[in-house]
Amino acid sequence: MATFLDFEKPIAELQARIDELRDTAADGAVDIAAEIGRLQTKSDRLLRETYARLTPWQKTQVARHPERPHFKHYVAALVEDFMELGGDRAFADDSAILGGIGRLRGRRVMVIGHEKGDDTASRLRHNFGMGKPEGYRKAIRLMQIADRFGLPVVTLVDTSGAFPGIQAEERGQAEAIARSTEAALNLGVPMVSAILGEGGSGGAIALAAGNRVLMMEHAVYSVISPEGCASILWRTADKAPEAAEAMRVTAQDLKALGVIDTIVTEPLGAAHRDPAAAIAALGDAIEGVLTTLVGQDAASLRAARRQKFLAMGRL
């Protein structure tokens with residue numbers, strides 16, 4: 001059964017009524033196909049209207065939806081012959097950040113990204129997509145391999161932020177994030193980054209300093225979570241909706257600000273309602289961008305990538 005968000009309550013009620021009628025119609029005693037069709041049309045219209053006017057806070061909730069496709073779903077559908085590469089060769093293998101080599105639409109690439117997990121066990125195993133220093137150092141190692149062998153880098157970002165635990169700080173979390181960002185900026189091969197759901201703080205930018213930054217239509221990208229911002233400014237997380245509005249976390253806002261380059265359209269009702277369509281749309285977008293970048297020399301790629309980020313925030 002689909003998981004409905006709080007603001008989708010009217011849609012959930014309609015869908016529940018449709019399901020009841022379908023169960024009734026299953027015994028063949030009454031033909032209520034017309035009524036089901038009418039309610040389904042009404043539900044689709046309400047869904048379209050609701051998603052056309054989402055607030056930044058509602059988009060944040062959509063970006064965090066538990067049924068939204070994650071890194072492993074995109075890799076399974078888009079990357080052939082994927083071979084995962086693990087470990088930072090210094091401390092451990094972080095399951096929050098995964099990566100490996102494969103073929104995306106026939107082109108050899110290095111794919112790196114955050115994995116949140118699907119259920120309680122896998123979320124704990126992947127630490128809810130919150131990378132530790134060894135995860136970012138693994139990402140650096142994979143970027144260096146890609147650079148050495150001339151493989152374009154594709155990063156799939158989906159994290160609420162880097163892991164804030166004491167152990168991570170002891171192992172140099174800030175340094176690892178900074179060096180991962182530096183490694184991305186120094187790549188001599190094309191790098192395309194995509195914000196799948198949440199793009200949180202330095203934990204996101206460490207994998208998102210690409211030549212082109214794509215963002216799913218209902219994803220969010222910010223320096224801090226709305227709850228964190230509200231807790232600092234208003235001393236209460238209850239002001240998160242106001243914080244999300246002020247922070248301009250949506251893809252539409254960030255495109256206007258020049259922080260991202262392309263918004264990837266999601267299916268009606270967001271990616272969690274039709275993961276296959278959402279994944280295919282992102283695959284098309286990545287393929288198109290790689291086609292324009294592959295063939296450029298290393299110096300041009302580095303210069304364009306650095307200039308892109310240095311230009312952010314200029315009036």
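H70 sits in the loop between α3 and α4, where helices (H or I, at least four residues) and strands (E, at least two) are DSSP runs numbered from the N terminus. With a relative accessibility of 4%, H70 counts as buried, a class that means under 20% relative accessible area, while exposed means over 50% and partly exposed lies in between, for a 1.4 Å probe and protein chains only. This is a predicted model, in which local features need pLDDT of at least 70 and side-chain atom pairs count only at pLDDT 80 or more, whereas totals for chains, interfaces and linings use all residues. Residues are numbered from 1 along each chain as its sequence is written, and side-chain values use heavy atoms, with hydrogens and water left out.

- Not counting residues up to four places away in sequence, H70 touches E115, K116, G117, D118, D158 and L196, where contact means heavy atoms within 4.5 Å.
- The C-alpha atoms of H70 and E49 are separated by 26 Å, although these residues are 21 apart along the chain.
- D119 belongs to the loop between β3 (107–114) and α5 (120–125), and its relative accessibility of 42% makes D119 partly exposed.
- Between D119 and P66, which are 53 residues apart along the chain, the C-alpha separation is 8.5 Å.

**Nonpolar cores**

- The largest nonpolar core has 63 residues, of which I112, L156, L214, L282 and I286 touch the most other members; such a core is a set of buried Ala, Val, Leu, Ile, Met, Phe, Trp, Tyr and Cys residues joined through side-chain atoms within 4.5 Å.
- Helix α13 (residues 275–293) contributes eight residues, the largest share of this core.
- Leaving aside neighbours within four places in sequence, I286 is in contact with L104, V154, L156, V192 and L214.
- A second, separate core comprises eight residues, including L5, F7, Y51 and A270.
- As general background, nonpolar side chains tend to be buried together in soluble globular proteins.

**Helix packing: α4 with α13**

- The axes of helix α4 (residues 71–78) and α13 come within 10 Å and cross at roughly 70°; axes are lines fitted to C-alpha atoms, for helices over the stretch in contact, and angles run from 0 to 180 degrees between N-to-C directions.
- That angle makes α4 roughly perpendicular to α13, given that angles under 35 degrees count as roughly parallel, over 145 as roughly antiparallel, 65 to 115 as roughly perpendicular and the rest as oblique.
- On the α4 side the contact is made by H73, Y74, A77 and L78, and on the α13 side by A278, I279, L282 and G283.
- By class, the residues of the contact of α4 with α13 are six nonpolar, two polar and no charged, where Ala, Val, Leu, Ile, Met, Phe, Trp, Tyr, Cys and Pro count as nonpolar, Asp, Glu, Lys and Arg as charged, and the others, Gly among them, as polar.

- Helix α3 (residues 56–63) and α11 have axes that come within 7 Å and cross at roughly 100°, which makes α3 roughly perpendicular to α11.
- P56, W57 and T60 of α3 make this contact with A240, P241, A244 and E245 of α11, and the residues divide into five nonpolar, one polar and one charged.
- Helix α8 (residues 173–186) and helix α14 (residues 298–310) pack at an angle of about 130° with their axes 8 Å apart, which makes α8 oblique to α14.
- A184, L185 and N186 in α8 meet R302, R305, R306 and F309 in α14, and this contact has three nonpolar, one polar and three charged residues.

**Exposed residues and positive phi values**

- D81, in strand β1 (residues 79–84), has a positive phi of about 55° although D81 is not a glycine, and its relative accessible area of 63% makes D81 exposed.
- R235, in the loop between α10 (226–233) and α11 (240–247), has a phi near 65°, a positive value in a residue other than glycine, and R235 counts as exposed at 71% relative accessibility.
- A174 is found in helix α8 and counts as exposed at 57% relative accessibility.
- A174 and L290 are 116 residues apart in sequence and 30 Å apart in space, C-alpha to C-alpha.
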